[in-house]
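My notebook is open and I am going through a structure that is new to me. I will jot down what I look up, one stop at a time.

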Amino acid sequence: MSGAQLYDTIGAAYTVTRRTEPRIAERIWAALGDARTILNVGAGTGSYEPPDRHVLAVEPSALMRSQRAPEAAPCLAGSAENLPFADRSFDAAMAVSSVHHWQDPIAGLREMRRVARRVVVFTHDTSDAGWLRRFWLTRDYLPEVADLRTGRPSVTELAGAIGARMEPVLIPWDCADGFFEAYWRRPEAYLDENVRRGISVWARVGPDAERRAVHSLRDDLASGRWAERNRELLDLEAAELGLRLLVA
């Protein structure tokens with residue numbers, strides 16, 4: 001299933017839990033530098049689009065485009081791998097939490113590099129098996145996530161394709177954007193179906209794995225086992241769980 005098909009299926013309640021996290025937005029907008037014209041690729045509903053610049057968005061999912069706010073940047077139907085713009089048409093191109101859905105991430109990043117003088121990509125590094133062990137949700141409840149990495153380029157390969165530097169991005173404990181790792185210190189959130197519906201991983205691992213993981217997590221929260229296993233997290237303000245900013 002392509003990214004567009006996936007979000008046309010699961011994206012109806014996306015805006016309930018997926019919002020701009022100001023501390024992450026600050027990192028992304030700083031990386032854009034002095035760019036005034038920006039292309040947002042795989043733009044979804046418009047989170048993280050800087051309000052003080054000229055933005056044009058590209059998004060393949062009709063359902064996601066339909067949920068953009070009236071005041072959001074204009075949005076075209078299209079994919080990262082075939083951007084309908086001339087070379088160096090924009091000061092910068094950005095992509096936020098969408099590269100993992102592209103059919104050909106390397107081709108998409110090279111297209112961004114072609115149409116813009118600067119490229120900023122917010123993504124995650126799942127190429128290191130240590131990531132699966134660091135995040136309790138994948139380690140203890142949802143090991144199927146490891147299979148989703150098969151055949152996908154590593155974040156190092158993504159960065160290399162466009163000559164980007166890599167910067168780690170910590171996740172605040174009270175992160176406003178409900179992506180997969182966001183609730184690392186708020187495990188009860190993963191019991192909420194509205195939260196899970198805003199995270200594509202749950203749809204991709206399938207209903208059987210989801211039911212088993214939720215049941216196990218609920219039991220461990222009730223028994224205190226989750227708190228015992230993860231007591232080192234309870235006083236952390238932010239966690240390093242593989243989120244990366246690529247800047248080229």
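Where does Leu83 lie? I found Leu83 in the loop between β3 (75-76) and β4 (90-96); helices (H or I, at least four residues) and strands (E, at least two) are DSSP runs, numbered from the N terminus.

Before going on, a note on ground rules. This is a predicted model, where local features need pLDDT of at least 70, side-chain atom pairs count only at pLDDT 80 or more, and totals for chains, interfaces and linings use all residues. Residues are numbered from 1 along each chain as its sequence is written, and side-chain values use heavy atoms, with hydrogens and water left out.

**Entry: Leu83**

Then I listed what Leu83 touches, leaving aside neighbours within four places in sequence: Leu39, Val41, Val58, Glu111, Met112, Arg114 and Val115. Contact here means heavy atoms within 4.5 Å. I also looked up Pro143, which is 60 residues from Leu83 along the chain; their C-alpha atoms are separated by 35 Å.

In what order do the strands of the open sheet run? I read off seven strands as β3-β2-β1-β4-β5-β9-β6, with mixed pairing; two strands pair if DSSP finds at least two bridges between them. β3 and β6 stand at the edges with a single partner strand each, so one side of each has no neighbour in the sheet.

I then went pair by pair. β1 and β4 run parallel and are joined by three bridges, and Ile38 has Ala92 as its bridge partner in β4. Helix α3 (residues 22-31) packs on the sheet and touches β4, β5, β6 and β9. The direction of α3 makes about 155° with that of β5 (axes are lines fitted to C-alpha atoms, for helices over the stretch in contact, and angles run from 0 to 180 degrees between N-to-C directions). Helix α8 (residues 155-162) packs on the sheet too, touching β5, β6 and β9, and its direction makes about 10° with that of β9.

**Entry: Asn40 in β1**

I stopped at Asn40, which is found in strand β1 (residues 37-41). Asn40 counts as buried at 2% relative accessibility. Not counting residues up to four places away in sequence, Asn40 touches Ser47, Glu49, Val55, Leu56, Ala57, Val58, Met94 and Ala95.

**Entry: strand β9**

How many of the five residues of strand β9 are buried? I counted five of the five in β9 (residues 243-247), so this strand is largely enclosed by the rest of the structure. Leu243, Leu245 and Val247 are buried on one side of β9, and Arg244 and Leu246 on the other.

Next I looked at who pairs with β9. Strand β5 (residues 116-124) is antiparallel to β9 over five bridges, with Phe122 partnered by Leu245. Strand β6 (residues 165-168) is antiparallel to β9 over four bridges, and there Met166 has Leu246 as its bridge partner.

**Entry: salt bridges**

How many salt bridges does a search of the whole structure find? The search gave me 20, each being a side-chain nitrogen of Lys or Arg within 4 Å of a carboxyl oxygen of Asp or Glu.

Asp140 and Arg139 meet at 2.8 Å, N to O. Asp140 is partly exposed at 25% relative accessible area, and Arg139 is partly exposed at 35%. These two also belong to a network of salt bridges with Asp220 and Arg229.

Glu193 bridges to Arg197, with the closest N and O atoms 3.5 Å apart. Both lie in helix α9 (residues 193-197), four residues apart, about one turn of the helix. Glu193 is partly exposed at 47%, and Arg197 is partly exposed at 25%.

Glu210 bridges to Arg196, with the closest N and O atoms 2.6 Å apart. Glu210 lies in helix α11 (residues 207-223) and Arg196 in helix α9, so this pair ties together parts that are 14 residues apart in sequence. Glu210 and Arg196 are both buried.

Technical notes: Buried means under 20% relative accessible area, exposed over 50%, partly exposed in between (1.4 Å probe, protein chains only).
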